[in-house]
Amino acid sequence: MEKTLSEYISLSKNIDDLKFDKKLKIAILSSFTLNGLSEILRVNCSELGIRCQPYMAGYNQYNQEFLDSQSEYYRFSPDVTFLILDIRNFLGDNFHFSYNMSDDERKSLVTEKISNLENIIKCFEKNLNSKLIITNFNIPFYSPNGVIETKSNFGFHEMIEELNKSLRNISKIHNSVYVYDFNQFISKYGEKNIFDYRQFHVGDIQIALNFMPHFAYELMSYIKPITGTNRKCIVLDLDNTLWGGIVGEDGFDGIELGHSSNGKAFVDFQKELLSLWNQGIILAVNSKNNFDDAMKVIKEHPNMILREKNFASIKINWNDKAQNLKQIADDINIGLNSIVFFDDDKINRERIKQEFPEVMTIEIPDDPSQFSSILRDLNDFNVLQRTEEDIKRGQMYVQQRERKEFEKSISSLDDFLEQLDIQVKIKKSNEFLIPRISQLTLKTNQFNLTTKRYQEEDIRNFSNDNKFIVGCAQVLDKFGDNGITGVYIINKQDKLWSIDTFLLSCRVMGRGVENGILSQILIDAKNNGIKEIQANFIPTQKNKPAENFLSDFGFKKEGNNWIYKLNNEIKLPKHLKVEID
Amino acid sequence: MIDDVNGIVAKVFSLTESEVSDQSSPETIETWDSFNGLVLVDELESHFKIKFTISEITDVKNVADIKRHLKNHNVS
């Protein structure tokens, strides 16, 4: 970590975060002393442009806070809660003397402890509609049973493993509950480093103060996706980044990729990248090179792991790297603040940092054996739900490239749209669709009328409320399935429906899909005896593409609102088929 | 260098170095509570690459005490 706890504490005193629009209320409840954590989180959040309001529950007060529906914690109404427990306080004396009990007693102790936690979760769900992250328990490296611990019948370690397993199961059942693998945090840095007996005895501190910044960094893995400050694309250099040496000088056979120790490091790094691509992270190339030399390696080198189809955009030329990067962002249609930039050359990195500070430029050493580990240490690619659309993303970009080529081959836009065979399937929200609907409201910036951000819990509430309609649209065409790419939320009043949210993913912009979806909403309203539809356009820095949508469609401005009278004829776009599921 | 101590104390308690003397203590420095005292220990340990014993930690009454204990760890 770059900063010590003391530096964080002094920085936190001078944070100027009132200017930030993004706000996040974080509650921290714990069974041991975690002073300093909220200061670090505030600094980390401010670096992401988020104003963080922390709430620290009193020392070991978590039970009361959860069980009392009038508690200060519930009144604080956090967006996210971290419940941070430790095995010593959780087991009490049984931590040291678990073998004074019989196997059966140990088993029933675990059952009892888990049902306590389940009860806490029930109370949480009853009182709050937000996310709860619970830490699991460290399995200590020590057992009084020594080497035969692993032979013990439901022994000390197995008890804790059982607790962890039960927690894992709880998080699978409860949508808003996540388990942070604290045991893995301990194995990452080592129990002997994290647990300092002196700090423990002086003040029940169970994460040594010099590791508190590391622990806060782990918690940021949740805060980033909740606030939409996670990243979705890695832009890569080629020479000395994806392979060793310079292909233009060393030649196809001269670069290091595979056999040598250095070569193995590059292969390993590519495997790490591919594993992220498989989970939906977009990859792109930004390299100063002769196009043909570099493409030959990408296409033909036997030890290349990443191939052309893994890259959503490829810029290999002698242009300015910053310009290339901007073009990549435009090609893929993502913001620069979604991009992580990997380049071995310090000068290139400085160029990007200066031109685009919103891009995350990674400092990498000359030693390629460190690349994989640096990539693994980033917590910026986390999501709290992986949707089908995420996993298919790589494939979708290939289809997108094919679509663009097709568009170039056809002279008029109308003919292009006509020949795309677009199908729009309108679906009502359900449990399976909620994560994706929430994700789109959190991420969509361009074609978004109101840019209201909704967590899964919010979407679930709207979906269960008969005053609201939550719908989404799947868009297909001759090149493939774009997945769920449109969302609308309607607030139903007696005589009037108002559009709370209407958005379209950038994947399907410019194809008239929005008209198809809106027409369907209007028809639905008319069938329900509604006389008019009301909508709003809330301008942001990014939603210009949606600016004229309402007026082009035929809405009329009345005061602050846009109104559509349903006695007007509702026109359906001719080039697409709209179906209702 | 043991002369670094005042600077570290100043940094931890958000003071200027001139405000710190050997007599500075939890009584004279408002932000010097038990937790910040531990933060100070953490900073001193990583700066001087030493580990205090628990009695040294709990025994500190002022900056002079810190310097005395540091000398036991061969910091001069």
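## Asn74(B), out in the open

Let's start with Asn74(B), which is exposed, with 8 other C-beta atoms within 10 Å. It counts as exposed because the cut-off for that label is 12 or fewer such neighbours. You'll find Asn74(B) in the segment after helix 4 (63–72) of chain B. Its backbone is worth a look too: Asn74(B) has a positive phi of about 60°, although it is not a glycine. As background, most residues other than glycine have a negative phi.

Keep in mind that this is a predicted model. Chain B averages a pLDDT of 93, and 100% of its residues score at least 70. For the model, the scores are ipTM 0.92 and pTM 0.83.

## Thr451(A), another positive phi

Over in chain A, Thr451(A) also isn't a glycine, and its phi is positive at about 50°. Thr451(A) sits in the loop between strand 12 (447–448) and helix 23 (456–464) of chain A. Is Thr451(A) buried or partly exposed? With 17 other C-beta atoms within 10 Å, Thr451(A) is partly exposed.

## Where the chains meet

Now for the contact between the two chains: chain A puts in 16 residues and chain B puts in 13. On the chain B side, helix 1 (4–12), helix 2 (34–48) and helix 3 (54–59) each supply at least two residues. Which helix of chain B gives the most to that side? The answer is helix 2, with 7 residues. By type, the chain B residues touching chain A split into 6 nonpolar, 4 polar and 3 charged.

## Two nonpolar cores

The largest nonpolar core has 76 residues, and the members touching the most others are Ile28(A), Leu41(A), Leu83(A), Met212(A), Ala216(A) and Val9(B). Helix 12 (residues 212–227) of chain A gives the most to this core, contributing 7 residues. Setting aside residues up to four places away in sequence, Met212(A) touches Leu5(A), Gly36(A), Leu37(A), Ile40(A) and Ile207(A).

There is a second, separate core of 45 residues, which includes Leu417(A), Phe462(A), Val470(A) and Ala535(A). More generally, nonpolar side chains tend to be buried together in soluble globular proteins.

Ile374(A) belongs to helix 18 (residues 371–377) of chain A. It is partly exposed, with 15 other C-beta atoms within 10 Å. Not counting residues up to four places away in sequence, Ile374(A) touches Ile362(A) and Ile364(A). Ile374(A) and Ile186(A) are 188 residues apart along the chain, and their C-alpha atoms are separated by 19 Å.

Asn145(A) is in the loop between strand 4 (131–135) and helix 8 (156–173) of chain A. With 15 C-beta neighbours inside 10 Å, Asn145(A) counts as partly exposed. Leaving aside neighbours within four places in sequence, Asn145(A) is in contact with Tyr99(A), Ser152(A), Gly155(A) and Phe156(A). From the C-alpha atom of Asn145(A) to that of Asn461(A), the separation is 50 Å, and the two residues are 316 residues apart along the chain.

How values were computed. Residues numbered from 1 in each chain as written. Chains lettered and ligands numbered in written order. Predicted model: local features only at pLDDT ≥ 70, side-chain atom pairs only at ≥ 80, totals over all residues. Contact = placed C-beta atoms within 7 Å. Helix = DSSP H or I, 4+ residues; strand = E, 2+ residues; numbered from the N terminus. Nonpolar A, V, L, I, M, F, W, Y, C, P; charged D, E, K, R; others polar. Core = buried A, V, L, I, M, F, W, Y, C linked by C-beta atoms within 7 Å. Buried ≥ 20, exposed ≤ 12 C-beta atoms within 10 Å, placed from the backbone. pLDDT = per-residue confidence, 0-100.
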